[in-house]
Amino acid sequence: MSGRHFLQIPGPTNVPERILRAMDRSVIDHRGGELPPLVFEIVTGLRRIFQTRAGAIALFPASGTGATEAAVVNTLQPGERVLAFNNGAFSHGFAEVARRHGMVVDEVDLPWDRGVPPDLVADALRADAGHTYRAVLVVHNETSTGATTDLAGIRRALDAAQHPAMLLVDAVSSLASLEFRFDEWGVDVALAGSQKGLMLPPGLGILCIGPRALRRSEEVTTPRAFFDWRPVLREMERGYFPYTPATLLLYGLREALRMLEEEGLPQVIARQRRLADAVRAGVRAWGLPLQCREPAEYSHTLTAVVVPEGTDSDAVRRAAEAHFNLSLGAGLGRLAGRVFRIGHLGALNDLEVLATLAGTELAMTVAGIRIPVGGGVAAAQEVLLERYRTPAGR
Ligand code: PLP
């Protein structure tokens, strides 16, 4: 098919030319002199994105799941209790990683249509008078449903209950796209991957580790080898790694961080918000519900669209791919066939969003879902025009 592929799944996201070019180079000696300046610049840039002063950065050649495993095995001990929530496929996955490592996971079942309510966390923690929970596991942005959890609220819940549990956060589909305040929110560990807001190909697991979690990793005796972050942190201090790093991805990461710095993190976050508003206006014009039912918790990085009863969301995805060179995200877990997901994070502009909506309208129509063709695009255009309209010009 001629023209470019529209990769509008909620990660991996489109890799900008500039990042591709930064990675298009010879592989370097990972024990040579070129590595430390690269590593130091990356660590500084990532600290800015996590909004932390004290957080330590650890990188693994892994996906987000690897970073999840690292967060768990370095801070928790088999047999310890943790509080987790099942409000989507990835929050369940987070709980499952802890369970498989022998932790006793209280996984609170929630509807898959919103974030984790801070009140519920406060109640669960107050009920744990003996402070047996070692950690609370939360996914900041549930990529399977398009619902964001209010992390400031979760921190307030921990504080209100005066509970010492650590706060472990999956920031895979929020980092570098949504506001993330590691220090202010008292996050103990945040984990992410390279392939979403950071605009890189998959392949890097990224962790930000607070002082409490660092101390804890010295105490736990949980078996760990590759995902032991202690040797990684020691070596990264010197600008190296205890394993062979994904050197070319590191060049890409440095470029991505420079791009984010040039645009400015607040501007990036505002752009994601604006593009998300445009997508949601489009979906509303189609007359289709969003999977997330709580407007205050709408994700600004992806939108999960519920297809009408009796239709198949995978048919939309198949039509989009086969006829329009457009990839949309599948419904995951219990949402398989019920929703498709539009990814609108990473490197993305107004016209790309409009093209994505136009392609989705075509694909839905081919798949037999009746929507007003062009209606979603027009509604999104109105949102995108808002900032150019002066009150007088209206
Ligand atoms: N957590 C969230 C919120 C995700 O969106 C994903 C992947 O999409 C993961 C965890 C798992 O990450 P990975 O697929 O990179 O292992």
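A molecule sits in a pocket if more than half of its atoms lie within 2 Å of the pocket's grid points. The model is predicted.

Entry 1, the ligand site. I looked up which pocket the ligand takes. The ligand's space is the second largest pocket. I then listed the residues around the ligand: Ser63, Gly64, Thr65, Phe90, Val139, Asn141, Thr143, Asp170, Val172, Gln195 and Lys196. By class, this shell has three nonpolar, six polar and two charged residues.

I checked distances from ligand oxygen atoms. The side chain of Thr65 puts an N or O atom 2.4 Å from a ligand oxygen. For the side chain of Gln195, the N or O atom is 2.8 Å from a ligand oxygen. Gly64 uses its backbone: a polar atom there is 2.8 Å from an oxygen of the ligand. I also looked up cover. The ligand alone exposes 380 Å², and the protein buries 83% of that.

I searched the whole structure and got one cavity of 30 Å³ or more. The volume of the largest cavity is about 30 Å³. Its lining includes Thr145, Gly146, Arg280 and Tyr298. Which strand gives the most to this lining? I find strand E11, residues 302-306, with three residues. Leu302, Thr303 and Ala304 are among the lining residues. The lining counts five nonpolar, four polar and one charged.

Conventions: Residues numbered from 1 in each chain as written. Predicted model: local features only at pLDDT ≥ 70, side-chain atom pairs only at ≥ 80, totals over all residues. Heavy atoms only, no water. Near = heavy atom within 4 Å. Polar contact = N/O pair within 3.5 Å; in protein donor to acceptor, adjacent residues only side chain to side chain. Areas by Shrake-Rupley, 256 points an atom, 1.4 Å probe, with all protein chains shown as cover. 1 Å grid on protein atoms, 1.4 Å probe; cavity = no way out; pocket = protein on both sides within 12 Å on 5 of 7 lines; lining within 4 Å. Nonpolar A, V, L, I, M, F, W, Y, C, P; charged D, E, K, R; others polar. Points joined across faces, edges and corners; volume = space filled by probe spheres on them. Helix = DSSP H or I, 4+ residues; strand = E, 2+ residues; numbered from the N terminus.
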